2 protein chains.
Amino acid sequence: MSQPVPPTDQRSTSGAAPAPGPIGIDDVRAAAGRLDGVAHRTPVLRSRNLDARAGARIHLKAEHLQRIGAFKFRGAYNAIASLPADERARGIVAFSSGNHAQAIACAAGLLDAPATIVMPSDAPQVKLAATLGYGAEVVSYDRYTEDRRSIGERIAGERGATIIPPYDHPAVIAGQGTAALELLEEVAELDVLVVPVGGGGLIAGCAIAARAINPRLRVIGVEPQGRRAARDALERGEVVQVEVPRTALDGQQTPEVGHLPLAVMQREIEEVVGVDDLAVLATVRSLAIRMKQVVEPSGASALAAVLDGGIELGGGDIGVIISGGNIAPGALADLLGNDLELRW
Amino acid sequence: MSQPVPPTDQRSTSGAAPAPGPIGIDDVRAAAGRLDGVAHRTPVLRSRNLDARAGARIHLKAEHLQRIGAFKFRGAYNAIASLPADERARGIVAFSSGNHAQAIACAAGLLDAPATIVMPSDAPQVKLAATLGYGAEVVSYDRYTEDRRSIGERIAGERGATIIPPYDHPAVIAGQGTAALELLEEVAELDVLVVPVGGGGLIAGCAIAARAINPRLRVIGVEPQGRRAARDALERGEVVQVEVPRTALDGQQTPEVGHLPLAVMQREIEEVVGVDDLAVLATVRSLAIRMKQVVEPSGASALAAVLDGGIELGGGDIGVIISGGNIAPGALADLLGNDLELRW
């Protein structure tokens, strides 16, 4: 099902080209400087009952409590703040209906950069309202007849604006890495770091930061069981496009991991494991009931994998990124009302 | 509707008698020493959107993230830890079907004290299971034909065990005060502190701690609109028993405030305001959707009152105690699924 994809620089993408050199801990530290006082330094949550269940000390980095409700704010803000003033003034373009759109809209607003978000005309009203609320312009398209990338590129070309992609971009990756930087500053002795994988920006940035600080730390990625984009790419050594079956993990439906993230993952991570939708939904329910935290399915995927037993924990200190909390109220209501078993 | 009640020491209560002198900041600091490394030092949560809506800086002390999911752990642990070893060994008795029962069961387990909890035979299975899970013995009674107080007193008498009441007890009050002590340590410049009032143990302890540190700080209590136990007691200068109409604020259905709490409240607090059930339920829903926090109705009552506009905030730094998070999953599901407006 999966087919190779040419590297980013051979595709017709406008916007900032990936940096020539590899992204390093210095880039993550520079991002942390830009985010200081702007992003939330999110808490690290613990639970004695969870530790007892896992047989290890679990440290949950609570990115669902980040601005816009997800880690995406870090990368979006760092990318826009890294632009020269004249480029920033010409504006930012993003195409997304998810957390990246909110992140770009919010970050651009804070940095006085005009933002244009290309969203499907049938996007949920609540997401549309939030994006408009941050002061962004929204351009709608018909997702069945139009291509969001070409609309975005046309707008960027007309205005001289910069496209910020959601993961295949060095400043986005460095920004996401600040989540792990903060976690390691708080829990230096971490043995394992478990991170959700969609396009790969979060795990790439986190692996760079965490392994620069502690080279013996093992980084493990988690993707939906039915989406093998990360596992296939690592096996074949190149970016592949996969078909994504229906999954509740809507933040990880991306059909590929990016070129820059893959290069980092090949170097820095131990493996990617798949996680079952039902195990994730039971974890979302358990987080609400046991730890009083509202987390979206993708946000709970790494913790679900830890509890599933497929990862060798070794009884030590396990960092887990809880990546986002933007679940629709009705979807959470359905989960709370059903009888999925508590995981701890 | 309300009638005076004789002071505690004239009623037939066994168990520890209230201390002769007033409770002071030193008692709260001693409690903090006992709780160090045992209770969670709960985070103080902020939200830019909430601040903008309230026109003030709101600091939410997150006691729904405390052990057993509510502030009650602080007072229960402090009371049991304060007992001489021989008294502790003879055991603890509590009668409650709510957070106090869980708190006593958990704290007694940690301190190796046998605990007996007198619970109605129709208590929810989940509460029964949790209490048993902490290692406590549960004695059931028929709430329509039997009196839990006399059952508790008989057991305490037979075993030489100590009854720990939920609020009318100096060590319980001092323990609850550690929540405000921690908040003031983090936000020294607090102007107002808003606290839910049930039996009054939490607000009494918090007022003692907060006003000893900052005497200009104003403390305001919040009780259900239809339950005037605190307002009537303050007006009349004595404990009164009130009829409690049906309310969603099940943690504040107590028909009285205690004698010790009332004495502190008369000296230290500015006023108690009533809050409407629907305003509280909308606040619970907003906390889940906007701040990703699961809070029980009573736990959100103080924040609901702040947003209702009935408290003079003065635009400063407002501390709000979020007192608990133990809402039934089905009740939260109902709230998420309905269309109560977002409060911010």
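Trainee: What makes a residue pair count as being in polar contact between chain B and chain A?
Mentor: A polar contact is a pair of N or O atoms within 3.5 Å; within protein, one must be able to donate a hydrogen and the other to accept it, and residues adjacent in sequence count only if both atoms are side-chain atoms. Between chain B and chain A, seven residue pairs, both at pLDDT 80 or more, are in polar contact. This is a predicted model, where local features need pLDDT of at least 70, side-chain atom pairs count only at pLDDT 80 or more, and totals for chains, interfaces and linings use all residues. Side-chain values use heavy atoms, without hydrogens and water; residues are numbered from 1 along each chain as its sequence is written, with chains lettered from A and ligands numbered from 1 in the order written.

Trainee: How many salt bridges are there between chain B and chain A?
Mentor: The count is zero. A salt bridge would need a side-chain nitrogen of Lys or Arg within 4 Å of a carboxyl oxygen of Asp or Glu.

Trainee: Why are α1(A) and α3(A) called roughly perpendicular?
Mentor: Their axes (lines fitted to C-alpha atoms over the stretch in contact, with angles from 0 to 180 degrees between N-to-C directions) come within 10 Å and cross at roughly 90°. Angles of 65 to 115 degrees count as roughly perpendicular, and therefore α1(A) and α3(A) are described that way.

Trainee: Which residues of α1(A) meet α3(A)?
Mentor: A:Ala31, A:Arg34 and A:Leu35 do, with contact meaning heavy atoms within 4.5 Å.

Key: Helices (H or I, at least four residues) and strands (E, at least two) are DSSP runs, numbered from the N terminus. Angles under 35 degrees count as roughly parallel, over 145 as roughly antiparallel, 65 to 115 as roughly perpendicular and the rest as oblique.
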